[in-house]
Every structure is written in structure tokens, then in C-alpha cells.
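Biologist: Please take me through how the chains of this assembly meet. I want each term set against its rule.

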Amino acid sequence: MVKIGIADTCFARVNMGEVAAVAAKEYVSSSSGSESGSADGALEIERYTVPGFKDLPVACKKLFSEYGCDIVVALGWVGGEDIDETCAHEANIGLIQCELMVDRHILKVFFHVKEAKDDLDRQKEICIDRVRKHTVNALKLLEGKEVLSFSAGQGKRQGYDDAGSIE
Amino acid sequence: MVKIGIADTCFARVNMGEVAAVAAKEYVSSSSGSESGSADGALEIERYTVPGFKDLPVACKKLFSEYGCDIVVALGWVGGEDIDETCAHEANIGLIQCELMVDRHILKVFFHVKEAKDDLDRQKEICIDRVRKHTVNALKLLEGKEVLSFSAGQGKRQGYDDAGSIE
Amino acid sequence: MVKIGIADTCFARVNMGEVAAVAAKEYVSSSSGSESGSADGALEIERYTVPGFKDLPVACKKLFSEYGCDIVVALGWVGGEDIDETCAHEANIGLIQCELMVDRHILKVFFHVKEAKDDLDRQKEICIDRVRKHTVNALKLLEGKEVLSFSAGQGKRQGYDDAGSIE
Amino acid sequence: MVKIGIADTCFARVNMGEVAAVAAKEYVSSSSGSESGSADGALEIERYTVPGFKDLPVACKKLFSEYGCDIVVALGWVGGEDIDETCAHEANIGLIQCELMVDRHILKVFFHVKEAKDDLDRQKEICIDRVRKHTVNALKLLEGKEVLSFSAGQGKRQGYDDAGSIE
Amino acid sequence: MVKIGIADTCFARVNMGEVAAVAAKEYVSSSSGSESGSADGALEIERYTVPGFKDLPVACKKLFSEYGCDIVVALGWVGGEDIDETCAHEANIGLIQCELMVDRHILKVFFHVKEAKDDLDRQKEICIDRVRKHTVNALKLLEGKEVLSFSAGQGKRQGYDDAGSIE
């Protein structure tokens, strides 16, 4: 059984936590389905919602220390101002520090408004694609440290099409 | 019973600590009022005032380790110069580090003068709104990690109107 | 009895450590004088001089761990080049980290040459005012976490006139 | 026997992990060959592939704590946008922090797209040269702290020709 | 007896480690010479050479934890590109963090190419002067925390003439 933590925010303009939960269930269902036809009991989800993305590091820490998660996806929506980018930088430093304290992965899934300024539909599209792909990445990382090695150097992207490897 | 720490500064041009204390009492009073008609004993406040916002991280640490707070609101007023922004960055890195050391939340409530340069009334207005909303966020976080999930992805803002979710 | 650490540098162009020592003695003398007429034994000073301000964090750490200081004033003079500002940023991150490790305050007192480029008299004036005011702040912080609360939100400044509160 | 960890990413557009593995085997083979004619058993490799380079710090930590590596090469491919550079900065801070926690070296091998924008062949060339040279550096560091001293001050470069010493 | 660590790099274009070793021996020889006429056994040097300056923090950590050094000089040569400056920033954050972990000084001696772009002779001159002066600073710091206080506020510079104190 795998326990994934999903940390998200009220600041985000897309329900990233819900997107991650659906993606996690779909992945586990399809994975176990191909083996046993049932995913019951294979996945447990712990949700933790905080006001803004600077609150994510300690939320992730608590998901590990108090709720026993094996891995966490930290979901942030970064506003379009310079101050938002600075805050995202602070949050990422904290998230990496948290990982080093607990020896577990946190997938740092941040959508930046400046990626698609003034195009709300595109913002949502990039955000959802990134959350879904990284949620799957999280679950794959739990399967072993070389599970992703077959994709190493393949220019994989989340929120965009893959860049591909340079031949 | 809930014990909230309020860390504020002499550098600020608004009495942010007092604003937070009033907001905390109002929230607890209205919450418990709807249940039992009395908030007596439901809230304890520890105030800690330091010179500037770079002194906030260790003040928060002491509010946890020496005064037994469950959560802290760290209230900073960031001046309009570049050096002020750099200092705010340093303070935020320290505040997040503190959270990771004690496994408790610090609501990082910073007003930046550059948000409303040359308009003192607007400065005060944004600042007070932000302090009040984040004080309530702090108290809600203590009620459970999914209490804010109903607002996840709703584009909540402090100091401004909510941005709302992208439909 | 109070033991204050004074960490200063050879890089500075003003003897900031001496200024702090004098200010500390004056404050204690005037405080105790109003009560008992004598400040003998009320204050102990530990001085630590390092080459530059990036050496201050560990000097402060040692003032706590090896010399038993209750609080430290870290006195830095930041040159006028970009690299100096970067170094000041690094030093401040380290000073805050130190505070979190020992649960004690370090007053981070940095004068930046860019505050008064090409005006040496003004540089010295700002520097001395800042050192004196923050030395007093340090001693007040030791008297209790709410001693400064009566000045909260008053727009207090060191090196300049107070900005005052916004009415 | 030497155990080297190789941490790489799916984000990279070159299979940096594979390049490092080959370089490590070649170095050990040529080194031991000159002594005993056989490198069997002289080298063990642990591979760890993560989605992006911000996932490298904790992967390295686990390569030390869970897989007993003596040293790790952390292989990152940094995209051409500003946000990529910021992320690389965060990753490097985390990698250095990891080194300090475990008292072991991590060779931080990052290729930046901006080094050869729009020239994919050159990107690959720089990247491979850097990975190969730093993999050898890693293995040499394990042989003793003065093994590289004969090259001290020689202006050694990875990805480019050596700059040489200033005579 | 004093044990000084000298951490240097292959990236540097001047043999900074050798410069430091010579300066340390000269200082100890002249100091003890004035007292006893012999410096035999008064100084022990541990050299540690790494590829680049981002490898210095953990090398310094090991010089303390594995080789029992009392103090370390960390010698870095920072290239002329923006990325080099960013790396220097990362290294300095790590070096300060290391100092706080072990409660010992690391003299952070970095030469930046941008100090004398396109003038190799001047680069070497600044670099050597800085290394020599900071090596002496290191040895003086070991003699006591107030040994440098007579130079406090004197505007001391390494690599350049002293700025002097403002009278």
C-alpha cells in the first residue's frame, strides 16, 4: 500500500489538489488493474490545504512526520508579480530542505502565471497537465530508483510537450 | 484551548499586532458563540514585539519553544527600497526554516510598501485586510489539515479581493 | 546581570564595536541609575572582532556557545559594490540561521555605503545612530518579549528619523 | 572497492547518467589495468533517475543513506529560461546542504542551455565533456584529498578547454 | 600547536593553496621567531584540493571533522560570467552554514575575475594579496577573539589598499 500526500493552496486558481487526487487514483487503478483487476487498498491519500504556497514546506513536513506519507506532491500557483516569483523561490528552498530532513521526495509542482499571461484557459491547461504528470512521477518514484531510468535524458516536460533527446 | 503567537515589529507603520489580536478574538468569539455562546478560555495570545522583520524568525522560534504556541502569525512591514525587499527575502527563508524545525505553521504576513507607493491610506487598508484574513487562516489551520480544502483553488487573496477560480 | 556580545569587523570604516560598547554602558547606567543609583555589575560585554562581515555568523555562534552571551549585536559595514550587497545577503542568512540554532536574538546592524555614497560624514552619522539605537533595542529585548510592544507599529527607524505610524 | 552514485533526470536531453556510468567504468578499468590488469569488483554503480534537477538533492541524500555510496555525481540539464536558472540555484543550494549533512562529496554537474543556445550539437558536446571529466574528478577525490593538488590553480575546465594557470 | 586547513581548487588560475601555505609558514616563523627563535612544530597544514569552488564547503567540513583542523582558509577563483557569481553565492552560503555546524571559522577567500577583467597580471596580484592577508587573519583569529580588535573599524581590505577609518 502506498500513501501519497497532496499539499495544495487556496491561493491557486485551479483545484490542483483535486486534479492530483484523481490522477493518483487513475494511475493506481490502471497499474493494478493490469495485474489483478482491482486497486482497492492500493492507495491512500492525505490532503493538506494551506493558504499560500509559502505554507507548503511545513505542510509537507507534517504529512511525513504526522501522517506517515511515503511521498508528497506540493502544488503551487505562482502569481504574475516579481514578489510572487521571489516567494516561489523561498518555498522551493524550503521544500528541498524538507526533503533532506526526512529523506523522502516532494514533487515540487509549481505553475507560474507568467507562463501564459492573460490567457486563463492556457493557464489552466498547463497547470493541470503538470499536476497530472508529476503525480504519476511521484507514484513511479516509489516503485524504485531506476523505474524512471528508461526515460532518462528524454527531455521530458510537464505542462508542455516533451523536448525529446538530442540525437 | 488554542494558543496563538503574534510576532510584530516597531518598524511597521501600522500596529499589526493589535490588529491580529482583535481579529483572533473576534474569530474565536464568533466560532464558539455559534456553538456554546461563550469564548472564555478558548483563546490565549502571546505577543512578541521586535525591532524589525528580520528579527521575526527567532521570535517565532521562541514563541514555540519557550511559550508553547500552537501557531504564530509573523507580521512584517517591508519598506519601499530594494534593500527592504532583500531583507524580507532573508526573513522569509528564516521563517520557513523555523517552521521545518518545529513542525508548526507560521503565517508569513508581510505588507510591502511598493504595493501602494505614496498612498498611505491604501497601505494601511491592504495591511489590515491581510493581517485579519491571515489571522483567521491561522486559527482555521489549527482545526485540521482539510478545513481549508473547501477553498482550495479558489484564488483566495489577502489584502485584495479574491482572484477566484478559473472555470 | 546581562551579558551582551559585540561582534564587529576590521572591514568597517567606523569603530562600530566601540560605539556599541559605549551605548550599552550608557543605557544600563541610566536604567539602573534611575532605580538604585549604580550600574556596577549589571552589564558584561564580550567583544569579538573578525576580518569582514561574512565572518560574523560564526563569531556570534561562538559568543553564545563559548562565551555565554544572552544576546549579540552583529555590526557590519557593507561596501558600495554589488558584490558587497551579495555578501551582506549571505551574512544575514547565516545570522538568522544562527539565531534559530541557539534560540537567542542577534541584532543585525548593517550600514550600507550606498545609503550615502560619496558623503563620508553622513556615512559615519547613519552608522553610529544605527549602532546606538540597536544596542539599546538588544538590551530592551532581554527585558521581556512585550517591552517593545508600546512602540509596535510606530515606524521606528535606526540611522534615520522615525517614519511614524499611519493615522 | 568504490561505490559511486549517479543521479540523473528525465528532463535532460542527453542521457547523462549513461555517459557517467561509461566514464566511471573506463577510468577504473584504465587505473586498475595499469596495476593489476583487471577492474573486476573495483567499482559499483548505483543509478537514481528523477524527473527534474530539483529532485536531485534528496536523491543524492538517499544514495548515501540508503545505498551506501561513497560519492555521487548529480547530473542536471538546465533549460534556457530564467526560471530554469532559478531552479538550478535552488538545486545547488540543496546539493551543498546535503554534502554538509553527510560529509561526502557530490559533484554538481549542470549543463546550462544558455551556454550554447540554438546549437544542439554543441549543447550535447559540452554536456558530455563535463559529465565525463567530473565523473573522473569524483573517482579521484575518493583516492585522497591531495590527489588533485598537482592540478591546483591550473585553470581546469569541464565542458571547455582548460583556461590554464596565469604565469 | 596550530592546525590550519587549506582548501583550494583546480578551477583557479593561480595556485592559491601554495600561496596560503607559504604565507602561513612565514607568519608562524616570524611570530615564534620573535619569541623563541624557532617555529618548529608550531604549525601543521592540511591541504585539500577540489575541482571547483562549489566543492569547497564539504571539503572544509571534512578538514574539521576528519582532519581536526582548528581553522580553514577556503580559496576560490570566480570566473567572469554571471553563472560564476551565482555559484560563488551558493558556495558562500554553504561555507557559512559549515561554520555554524562546527563552531569554527572558515576564511572565505574568493577572487572574482570581474575585479580586473582582461588584466591577468592584476588578477594574479589581487588574488595573491588577498590570500596572503586572509591566511594571516586566520592565524590571528586563533590567538583570541579580541586580537583583531585593535584594527576594528580601520577599513582593512584584502586585495586592495586599506580604505582606512573615517575620522
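The talk below covers the copies and then one interface.

Modeller: This is a predicted model, where local features need pLDDT of at least 70, side-chain atom pairs count only at pLDDT 80 or more, and totals for chains, interfaces and linings use all residues. Residues are numbered from 1 along each chain as its sequence is written, chains are lettered from A and ligands numbered from 1 in the order in which they are written, and side-chain values use heavy atoms, with hydrogens and water left out.

Biologist: How do you know how chain C and chain E are related?

Modeller: Copies are superposed by least squares on the C-alpha atoms of residues with pLDDT of at least 70 in both. A rotation of 72° with 0.0 Å of shift along its axis brings chain C onto chain E, at RMSD 0.0 Å. The two copies are therefore related as by a five-fold rotation axis.

Biologist: What makes A:Lys61 and B:Asp103 a salt bridge?

Modeller: The rule asks for a side-chain nitrogen of Lys or Arg within 4 Å of a carboxyl oxygen of Asp or Glu. For A:Lys61 and B:Asp103 the N to O value is 2.6 Å, so the pair meets the rule. The interface of chain A and chain B has three salt bridges.

Biologist: How many residues does each of chain A and chain B bring to the contact?

Modeller: Contact means heavy atoms within 4.5 Å. By that rule chain A brings 39 residues and chain B 36 residues.

Biologist: What is the area buried between chain A and chain B?

Modeller: Buried area is the accessible area (1.4 Å probe) that two parts lose on being put together, summed over both. For chain A and chain B this is about 3000 Å², and carbon and sulfur atoms give 60% of that area.
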